[in-house]
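Hi everyone, thanks for coming. I'd like to walk you through one structure today, starting with its pockets and ending in its loops. Have a look first.

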Amino acid sequence: MNKDSKSIIFMPVMLAYDVIAILLLIGYVYIYQYAPLDESLNDTVLNTITAFAALLVAAIATAIYLHYQPADFPRKIWLYLMIGCWFWFIAESLWGIIVYIEGEVSSPSIADTGWVGGFVFFTIAFYHQYSIIYPSQKKNIIAVSIGAWALAVFAPAIGLLITRTFTWESYINYYYPVADLFVGIAGIALMFVFQGGALARPWFGLVVLGISDFLYAWAEQTGVYAWSAANSNLLTLAIDTTYLVAYLILGMGFLGHWILINYGLRGKR
């Protein structure tokens, strides 16, 4: 298969994703900023857009998993990545449902089990990935994984206790950006391992997600988020839109990987 025929095959796929992503982003910003619907329906549509973006990520991860045969080493890695992505989709869906029914979500909530569960499966996936690369370093990989989890779990609690601002809601809010950044860094580090950026691209989305989560935690903790939302300030728009963008970046990276393994590698045979 020559370069032109490969481009004919995969360019429409990426183009379709880009169009969908742009439409989702434009629709989200418009509905968020101008609120053309009543408040409850407006929030429902916004949460549905975010959940749909998470669904796209989970679907693409599933397609990558199904590409590999049972004997292929990457299949196990993508099994756990796929499960983690579906957990996040379920979490986003539960969040939207709770908001629709109750008007707000207490923290922690049942949706948090989905996000935390996703981090568990992402950690297992990276363990298998790095164990394949460094089979003699499995104990060290486990130690690093445990250390990262300990830091993500305890660092927010310690910081909030020191500042005497600890609540379960604030703890949960600060846990997510730390966990996002650790998973994102673990993925981006593969760029240096493989001496290329293809396998690292998806995980830039998690770094962006971490930044969005941190800004939300800070704004919520200081009361700036509520003030900004009440005054139609661009800060809340930027924070919440960045969260959606992170999912779209993650999906774009996964789709690029799917294209690579389906057409890039086959085209070289």
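So, to begin: how many nonpolar, polar and charged residues are there in the lining of the largest pocket? The lining has 22 nonpolar, 16 polar and eleven charged residues. In that count, Ala, Val, Leu, Ile, Met, Phe, Trp, Tyr, Cys and Pro are nonpolar, Asp, Glu, Lys and Arg are charged, and the others, Gly among them, are polar.

Some housekeeping before I go on. This is a predicted model, where local features need pLDDT of at least 70 and side-chain atom pairs count only at pLDDT 80 or more, while totals for chains, interfaces and linings use all residues. Residues are numbered from 1 along each chain as its sequence is written, and side-chain values use heavy atoms, with hydrogens and water left out.

Now the overall layout. Of the 269 residues in the chain, 42% are buried, and buried means under 20% relative accessible area, exposed over 50%, and partly exposed in between, with a 1.4 Å probe and protein chains only. Take the contacts with a separation of 6 or more: 71% of them join residues 24 or more positions apart, a contact being heavy atoms within 4.5 Å. The accessible surface of the chain is about 14200 Å², and 70% of that belongs to carbon and sulfur atoms.

The largest pocket holds about 1500 Å³ of space. Of its 49 lining residues, Asn47, Trp95, Tyr216, Tyr225 and Asp240 are the closest to its centre. Two or more lining residues come from each of H1, H2, H3, H4, H6, H7, helix H8 (224-230) and H9, and H2 gives the most, with eight residues.

You will want to know how a pocket is found. On a 1 Å grid over the protein atoms alone, a pocket is an open set of points with protein on both sides within 12 Å along at least five of seven lines, whereas a cavity is a set where a 1.4 Å probe fits but cannot get out; lining residues have an atom within 4 Å of a point. Points are joined across faces, edges and corners, and the volume is the space filled by probe spheres set on the points.

The second largest pocket comes to about 440 Å³. It is lined by 20 residues, and the closest to its centre are Val144, Ser145, Ala148, Phe182 and Ala186. H4, H5 and H6 each supply at least two lining residues, with the largest share, eight residues, from H6. By class, this lining has 18 nonpolar, two polar and no charged residues.

Next, the core. Which residues have the most contacts inside the largest nonpolar core? They are Ile64, Trp78, Trp88, Trp115, Phe119, Tyr247 and Phe254, in a core of 66 residues. A nonpolar core here is a set of buried Ala, Val, Leu, Ile, Met, Phe, Trp, Tyr and Cys residues joined through side-chain atoms within 4.5 Å. H9 gives the largest share of this core, 14 residues.

Let's zoom in on two residues. Leaving aside neighbours within four places in sequence, Ile64 touches Trp78, Phe254, His257, Trp258 and Ile261. Thr62 sits in helix H2; it counts as buried because its relative accessibility is 17%.

Val224 belongs to helix H8 and is partly exposed, at 24% relative accessible area. Its partners beyond four places in sequence are Trp218, Ala219 and Leu235. Val224 and Thr236 are twelve residues apart in sequence and 8.9 Å apart in space, C-alpha to C-alpha.

Finally, two loop residues with backbone angles to look at. Ala35, in the loop between H1 and H2, has a phi near 45°, a positive value in a residue other than glycine. Ala35 is partly exposed, at 40% relative accessibility. Arg164 lies in the loop between H5 and H6, and its phi is near 55°, again positive in a residue other than glycine. Is Arg164 buried or exposed? Arg164 is exposed, because its relative accessible area is 80%.

Note on methods: Helix = DSSP H or I, 4+ residues; strand = E, 2+ residues; numbered from the N terminus. Areas by Shrake-Rupley, 256 points an atom, 1.4 Å probe, with all protein chains shown as cover.
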